[in-house]
Amino acid sequence: MYKILIADDEMIERMVLRKRLIENFADRCEVFVAENGKEVIRTYEDKKPDLMILDIQMPGISGLEAAEQIRNMGGRCDIIFLTAFNEFDYAKKAISVHAFEYLLKPCDDKELILSVEEAMRNKKISNGEKESDPIRDNAIVMHQNTAEAFLAYIEAYYGRELTVQTMAEHFSYSEVYFCRLFKQHFGESFISFLTNIRIKKAIELLQTTNLSVKDIGRKVGYEDSNYFTKVFKRVTKCSPSEYKESILKETIG
């Protein structure tokens, strides 16, 4: 089972997050809760979660401080931080803990679930060598408008493994600052935006080619066809096969 630890000093927030996760991943994950950074560290040592969803500011040991201590212990779990815009300056002062995603409170259900699903997939992917980056090599991105630069990079590489970390590194930002800028420009988290781009491209391929669902998934960044189907259905409310079938019916009709 995939293990998730939720930490928030507000009991209602913890319970709401826990309920959302259980509703969406009951058959795939085990959920633990903590109300402060001290409990986060203790629970991590005891349960070794695969993913931690941490409020940044908690009494005593903050979420960032707990994450930093866990990283110093060699912890390699994914981390999703819950924060608000006015906490970013505080977050930037902390040592980078290579968070998987930063989500704003109140947390949007879609962004949370997509981020958790992506973290689950991330655990299954082995690290590979970095691919060449002609956009970076040509050094053109720093001369474009920020939003246009983000979009150009995503359009060029949506079919590859893209994460908050790789985007932030490419644009020479901290992960926190990148997430802040991205949210300001596009109104949603990076992972949510990337998922929508990929599914939009998949729909175009379903409409215009005879490629198999598996091949289409690979072209838009999903090596696992089952995961591609799951994400496609979460976004469109139908599977890729059902969508293709509806297109054929419309054509025949």
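Visitor: Exposed means over 50% relative accessible area, and buried means under 20%. Which is Ser172, buried or exposed?

Guide: This is a predicted model, and in it Ser172 has a relative accessibility of 63%, so Ser172 counts as exposed.

Visitor: Where is Ser172 placed?

Guide: Ser172 sits in the loop that links α8 (164-170) to α9 (175-186).

Visitor: And what is the phi of Ser172?

Guide: Ser172 is not a glycine, yet its phi is positive, at about 60 degrees. Most residues other than glycine have a negative phi.

Visitor: What about Lys237, where is that found?

Guide: Lys237 is in the loop between α12 (225-236) and α13 (240-252). Its phi is near 75 degrees, again a positive value in a residue other than glycine. Lys237 has a relative accessible area of 69%, so this residue is exposed.

Visitor: Changing topic to the sheet. What is the strand order?

Guide: The order is β2-β1-β3-β4-β5, in an open sheet of five strands with parallel pairing.

Visitor: Which strands stand at the edges?

Guide: Those are β2 (29-34) and β5 (101-104). Each has a single partner strand, so one side of each has no neighbour in the sheet.

Visitor: By how many degrees are neighbouring strands turned against each other?

Guide: On average by 20 degrees, with direction ignored.

Visitor: How many bridges does β1 make with β2?

Guide: β1 and β2 pair in the parallel sense over six bridges. Ala7 stands opposite Ala34 in β2. The two strands also form a right-handed β-α-β unit together with helix α1 (residues 11-25).

Visitor: And how does β1 pair with β3?

Guide: Strand β1 (residues 2-7) joins strand β3 (residues 51-55) over four bridges, also in the parallel sense. In β3, Met52 is the bridge partner of Leu5, and Ile53 is the bridge partner of Ile6.

Visitor: How many residues of β1 are buried?

Guide: Five of its six, which leaves β1 mostly covered.

Visitor: Which strands does helix α2 lie across?

Guide: Helix α2 (residues 37-47) lies across β1, β2 and β3, and runs at about 150 degrees to β2. Helix α5 (residues 109-124) lies across β1, β2, β3, β4 (78-83) and β5, at about 135 degrees to β1.

Visitor: Back to α2. Which of its residues are buried?

Guide: Gly37, Val40, Ile41, Thr43 and Tyr44 are buried in α2. The cover over them includes β1, β2, β3 and α3 (63-72).

Visitor: What is Val40 in contact with?

Guide: Setting aside neighbours within four places in sequence, Val40 contacts Leu5, Ala7, Ala34, Met52, Leu54, Met58, Ala66 and Ile70.

Visitor: What happens at the start of α2?

Guide: There, a side-chain oxygen of Asn36 comes to within 3.2 Å of the backbone nitrogen of Lys38. Just after α2, Lys48 takes a positive phi of about 50 degrees.

Visitor: Last topic, the core. Which residues touch the most other members of the largest nonpolar core?

Guide: Val40, Phe81, Val116 and Phe190 do, in a core of 78 residues. Helix α10 (residues 190-208) gives the largest share of this core, 10 residues.

Visitor: Why would nonpolar side chains gather like that?

Guide: In soluble globular proteins, nonpolar side chains tend to be buried together.

Technical notes:
Residues are numbered from 1 along each chain as its sequence is written. This is a predicted model: local features need pLDDT of at least 70, side-chain atom pairs count only at pLDDT 80 or more; totals for chains, interfaces and linings use all residues. Side-chain values use heavy atoms; hydrogens and water are left out. Two strands pair if DSSP finds at least two bridges between them. Axes are lines fitted to C-alpha atoms, for helices over the stretch in contact, and angles run from 0 to 180 degrees between N-to-C directions. Contact means heavy atoms within 4.5 Å. Buried means under 20% relative accessible area, exposed over 50%, partly exposed in between (1.4 Å probe, protein chains only). A crossover is right-handed if, with the strands pointing away from the viewer, the path from the first strand over the helix to the second runs clockwise. A nonpolar core is a set of buried Ala, Val, Leu, Ile, Met, Phe, Trp, Tyr and Cys residues joined through side-chain atoms within 4.5 Å. A polar contact is a pair of N or O atoms within 3.5 Å; within protein, one must be able to donate a hydrogen and the other to accept it, and residues adjacent in sequence count only if both atoms are side-chain atoms.
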